[in-house]
Each structure stands twice: as structure tokens, then as C-alpha cells.
Amino acid sequence: MKRRIKKAYRMTSYVFYRQTILEPIDHLWTFIGAFIGISAIGFIQGKQLGQVDNVFLIGSFGASAVLVFGATNSPLAQPRNLIFGHLISAVIGVSIHKLVPGQLWLAAALAVSLSIVAMQITKTMHPPGGATALIANIGTEKVKALGYGYILSPVMSGVLILFVVAIVVNNIPRDRCYPYNWRRNR
């Protein structure tokens, strides 16, 4: 039993160590990437939506930025998860909003829970996707009025901006890479 506990502790420590960026220079790159990514989304989408709407939209993208710039090694931050986690969740969020109008508590709960299950089934778990599904139901009237257009803009356009910035910024330093290659970095 003691041996099992020690082994579990070592494995857990390794996972947390490998997925947490510890070098001080990486903090600078995390800042640069997150700043450029979020500001690019805010600037581009600010042309389409009002200021209030941007606060809701940046919420899920802010969480994605934490993963793709601050936890680049995490499976949850990888491109497949980033892109498809948001895409699947946006489709579900908008669909639920249309199927369950006027019942915010039910629509919000269904959108988030179904998004999580869909991401599990498709192996595209990206926690900010839950917020993307939720925003489709609790966003302002302007956001809700976008309907399925919400999937393309702001969701997919914002995700693609974050993805491109993550590819560029996270691959500038030699000891940092995105997407993370587990085979190469063992």
C-alpha cells in the first residue's frame, strides 16, 4: 500500500511539474502570447460587437489563453482540444438556446453539461468550451441574436486568432513548443 501511494505521488508530481511552466523567462512569453492573443480578439471583434458583448466573449477566450500560453504542455491546451472544444460547445450552446427558449436555468445547465459530455466523447476536452456554451445562453441580446452566426464569429474567429498567436509566440523560444509533442519531449 505504501509503495502504491509513493508511486501515485511521484506520477502526480511529474504530471503537475511537466504541465506547469516554471522558468522565469516563460512567464514573459506567457504574458506576450496572452496579451497579443486577447488584444487581437478584442480589437477585431470590437469592430463587430459592442463593449459589453466583448466582456462576455473574452471570458471564455481568457480561460483558453491561460491554457495555450500558461500550460502549453497540457492535453487540454492542444490545438484539437482548443478548436473543437469551442466549436462543439458553441454548436450545442446555440442549439440549446433555440430549443429551450425562455428557461435560462434549464438552457444554461443543458448547454454546459451536454458540451462537457460531447467533448469527453470526442476527446476534445477544453474547459473554456463550457463557458462558450454558457455564453450562447446568458450573453446579451446582441450575442443571442447572432444565432448560429455565433459559432463563426465570435467563437471560431477568436479561437483561430488564439491558435495562430499560440503557434507563433510559443515556438519563438527554443525550450517551448506548441503544439506540445510528447514523443519529442520525453
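A search of the whole structure, which is a predicted model, finds 2 salt bridges, a salt bridge being a side-chain nitrogen of Lys or Arg within 4 Å of a carboxyl oxygen of Asp or Glu. In one of them, the side chains of arginine 176 and aspartate 26 meet with an N to O distance of 3.3 Å. This pair links distant parts of the chain, since aspartate 26 belongs to helix H2 (residues 24–46) and arginine 176, 150 residues apart from it, to the segment after helix H8 (149–170); helices are DSSP runs of H or I with at least four residues, numbered from the N terminus. Both arginine 176 and aspartate 26 are buried, where buried means under 20% relative accessible area, exposed over 50% and partly exposed in between (1.4 Å probe, protein chains only).

Glutamate 141 forms a salt bridge with lysine 144, with the closest N and O atoms 3.7 Å apart. Because these two residues lie 3 residues apart in helix H7 (residues 141–145), about one helical turn separates glutamate 141 from lysine 144. Glutamate 141 is exposed, at a relative accessible area of 59%, whereas lysine 144 is partly exposed, at 21%.

For the chain as a whole, there are 8 helices and 0 strands, and buried residues make up 41% of its 186 residues.

Residues are numbered from 1 along each chain as its sequence is written. Local features need pLDDT of at least 70, side-chain atom pairs count only at pLDDT 80 or more, and totals for chains, interfaces and linings use all residues, while side-chain values use heavy atoms, with hydrogens and water left out.
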